[in-house]
Amino acid sequence: MKRKLIAAIGVAGMLVSVAACGGDDGDKKSGGADGYKGETLTLWAMDGSTPDQWQKDVTAAFEKKTGAKLKFEVQQWNGIQQKLTTALSEENPPDVFEIGNTQTAAYAKTGGLAELDDLKKSIGADWTESMNKASVIDGKQYAAPWFVLNRVVVYNKKIWADAGIKELPKTRAEFLKDLKQIGAKTDAEPIYLPGQNWYHFVGLTIGEGAELVKKDGDKYVSNLGDPKVAKAMKTYKEFADLSKAPKNKDEATPQQAEVFAKGKTGAFIGMSWEAPTAIKANPKIEKDIGFFTIPGATADKPEGVFLGGSNLAIAATSKKQDLAKEFLKIALSDKFEGQFAKEGGTIPNKKALESNLKGNPAAEAAAPATSGGGTTPLIPEWGAVENPPNPIKNYMTAVLNGKSPAAAAKQVEGELNKRLAQKQ
């Protein structure tokens with residue numbers, strides 16, 4: 001059957017296309033060990049996402065329960081958006097696939113994803129709301145939250161001890177005070193915070209309840225002029241002013257973990273996987289690395305964070321809708337979602353499953369902020385914004401170089417609006 005390709009947008013801002021065509025319910029069976037015997041369900045998972053033991057155990061459980069075979073196909077990140085778009089427009093797409101949480105809305109709006117309202121009712125009553133938000137488009141469930149990661153404070157225990165700090169900060173003000181104490185009592189740089197660590201800035205805006213875009217008639221436009229955005233940027237600047245990091249670079253230029261590895265930095269705000277990067281650069285620093293949740297304005301609420309992660313979705317054109325849902329019920333069960341979190345160090349989709357993170361200090365530090373976290377705007381138009389040069393990054397650098405938040409917002413408004421208006 002010839003299907004029409006409809007444009008969508010990926011997280012990196014690349015224009016892509018997916019098929020807008022409903023799924024086939026022709027696989028309805030009674031279930032049970034032999035209910036789907038002879039069938040094969042194809043799952044696309046991204047390289048590095050699925051721990052080996054989890055994959056083996058989920059496969060065994062699925063095949064035992066359904067009688068069907070599970071075919072894992074590992075996908076590379078490079079070019080995945082175009083590959084997935086093409087696959088979803090064809091007769092035999094992957095039945096189930098991993099999809100970035102910020103990509104989900106774009107594919108759902110173009111008809112590429114099957115509705116999963118019934119699945120949400122049966123297994124998702126206690127999914128963490130902040131994680132599930134990216135799977136709900138126009139009030140309908142189009143994917144299931146799988147896992148997220150978010151930023152924490154990675155700190156040098158020795159430097160903090162040398163500064164006479166005996167307790168970790170519980171509020172933003174205490175955090176700022178401790179960093180200033182490090183600057184006053186040691187030779188270390190208190191914090192390494194480059195001017196364009198923009199996902200941390202996004203987290204600050206989430207914490208302030210700010211939106212980066214707003215609706216103007218039937219289109220989206222910049223909302224950087226909002227006082228709440230300015231307040232988030234003011235917080236960012238207070239910490240960046242304690243850093244020697246370049247104001248016009250992000251955390252990857254140079255890699256902040258490698259800067260931290262030199263042992264002359266009190267802390268940085270980063271992902272859990274950046275600690276091993278530091279250790280690889282300087283194995284001796286391993287004993288000095290610690291983690292804590294980014295403190296918020298008050299002790300009872302951590303700082304807002306950007307939740308980067310993945311959902312699991314079913315192709316709307318898959319002819320194995322029921323079998324695909326059987327897989328999701330197994331993979332997202334408390335048993336296997338908990339195992340996934342434990343083995344992968346990722347934040348699970350239910351608060352009750354966070355006990356599986358015990359013994360993983362980075363994940364334990366990340367988990368408390370999850371419920372108050374969020375994402376970039378969940379609209380297809382957003383993808384183009386992130387293409388370099390990212391106007392949000394330019395806004396941040398302008399403020400750090402002395403412009404008022406209002407003036408900086410005005411400076412990048414035209415470019416941001418131009419990108420939001422690009423045809424999808």
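Me: Is Lys109 buried, exposed or partly exposed, and how is such a label read?

Reply: The label follows from the relative accessible area: under 20% is buried, over 50% is exposed, and values in between are partly exposed. In this predicted model, Lys109 has a relative accessibility of 42%, so Lys109 counts as partly exposed.

Me: With which residue does Lys109 form a salt bridge?

Reply: Side chains of opposite charge can pair when their charged atoms come close. Here the partner of Lys109 is Asp138, and the closest N and O atoms are 3.6 Å apart. Lys109 belongs to helix α3 (residues 104-109), while Asp138 lies in the loop between β6 and β7, so the pair ties together parts that are 29 residues apart in sequence. Asp138 is exposed, with a relative accessible area of 68%.

Me: How many salt bridges does the model contain?

Reply: The count comes to 18 salt bridges. One of them joins the side chains of Lys319 and Glu91, at 3.8 Å from N to O. This pair links distant parts of the chain, 228 residues apart: Lys319 is in the loop between β14 (308-314) and α12, and Glu91 is in the loop between α2 and β5 (96-100). Lys319 is partly exposed, with a relative accessible area of 38%, and Glu91 is also partly exposed, at 28%.

Me: Which residues are linked in a network of salt bridges?

Reply: Asp126, Asp334 and Lys350 are linked in such a network.

Me: I turn to the rings. How many aromatic pairs does the structure hold?

Reply: There are 17 aromatic pairs in the structure. The geometry of a pair is read from the angle between the ring planes: under 30 degrees is stacked, over 60 is edge-to-face, and the rest are tilted. For Trp54 and Trp146 the centres are 5.8 Å apart and the planes stand at 45°, so this pair is tilted. Trp54 lies in helix α1 (residues 52-66) and Trp146 in strand β8 (residues 144-149), so the pair ties together parts that are 92 residues apart in sequence. Trp54 is buried, at 0% relative accessible area, and Trp146 is buried as well, at 2%.

Me: What is the geometry of the pair formed by the rings of Phe62 and Phe327?

Reply: Their centres are 5.9 Å apart and their planes are at 75°, so the pair is edge-to-face. Phe62 is placed in helix α1 and Phe327 in helix α12 (residues 321-331), so the pair ties together parts that are 265 residues apart in sequence. Phe62 is buried, with a relative accessible area of 0%, and Phe327 likewise counts as buried at 0%.

Me: Which residues form one aromatic cluster with Trp54?

Reply: The cluster with Trp54 is formed by Phe72, Trp146, Phe147 and Phe340.

Me: Over which ring does the charged end of Lys83 sit?

Reply: Here one reads the distance from the charge to the ring centre. The charged end of Lys83 sits over the ring of Trp44, 5.3 Å from its centre.

Me: Where is Thr85 found, and which backbone oxygen does its side chain reach?

Reply: Thr85 belongs to helix α2 (residues 80-88). Its side chain reaches the backbone oxygen of Gln81 at 2.8 Å. At 1% relative accessibility, Thr85 counts as buried.

Me: Is the peptide bond from Thr253 to Pro254 cis or trans?

Reply: The omega angle decides the reading. The bond from Thr253 to Pro254 is cis, with omega near 0°, and Pro254 is found in the loop between α9 (227-240) and α10 (256-260). A cis peptide bond also joins Pro388 and Pro389, with omega about -5°. Pro389 lies in the loop between α14 (361-366) and α15 (391-400).

Technical notes
Residues are numbered from 1 along each chain as its sequence is written. This is a predicted model: local features need pLDDT of at least 70, side-chain atom pairs count only at pLDDT 80 or more; totals for chains, interfaces and linings use all residues. Side-chain values use heavy atoms; hydrogens and water are left out. Helices (H or I, at least four residues) and strands (E, at least two) are DSSP runs, numbered from the N terminus. Buried means under 20% relative accessible area, exposed over 50%, partly exposed in between (1.4 Å probe, protein chains only). A polar contact is a pair of N or O atoms within 3.5 Å; within protein, one must be able to donate a hydrogen and the other to accept it, and residues adjacent in sequence count only if both atoms are side-chain atoms. Rings of Phe, Tyr and Trp (its six-membered ring) pair if their centres lie within 6.5 Å; planes under 30 degrees apart count as stacked, over 60 as edge-to-face and the rest as tilted. A charge sits over a ring if NZ of Lys or CZ of Arg is within 6 Å of the ring centre and within 35 degrees of the ring normal. A salt bridge is a side-chain nitrogen of Lys or Arg within 4 Å of a carboxyl oxygen of Asp or Glu.
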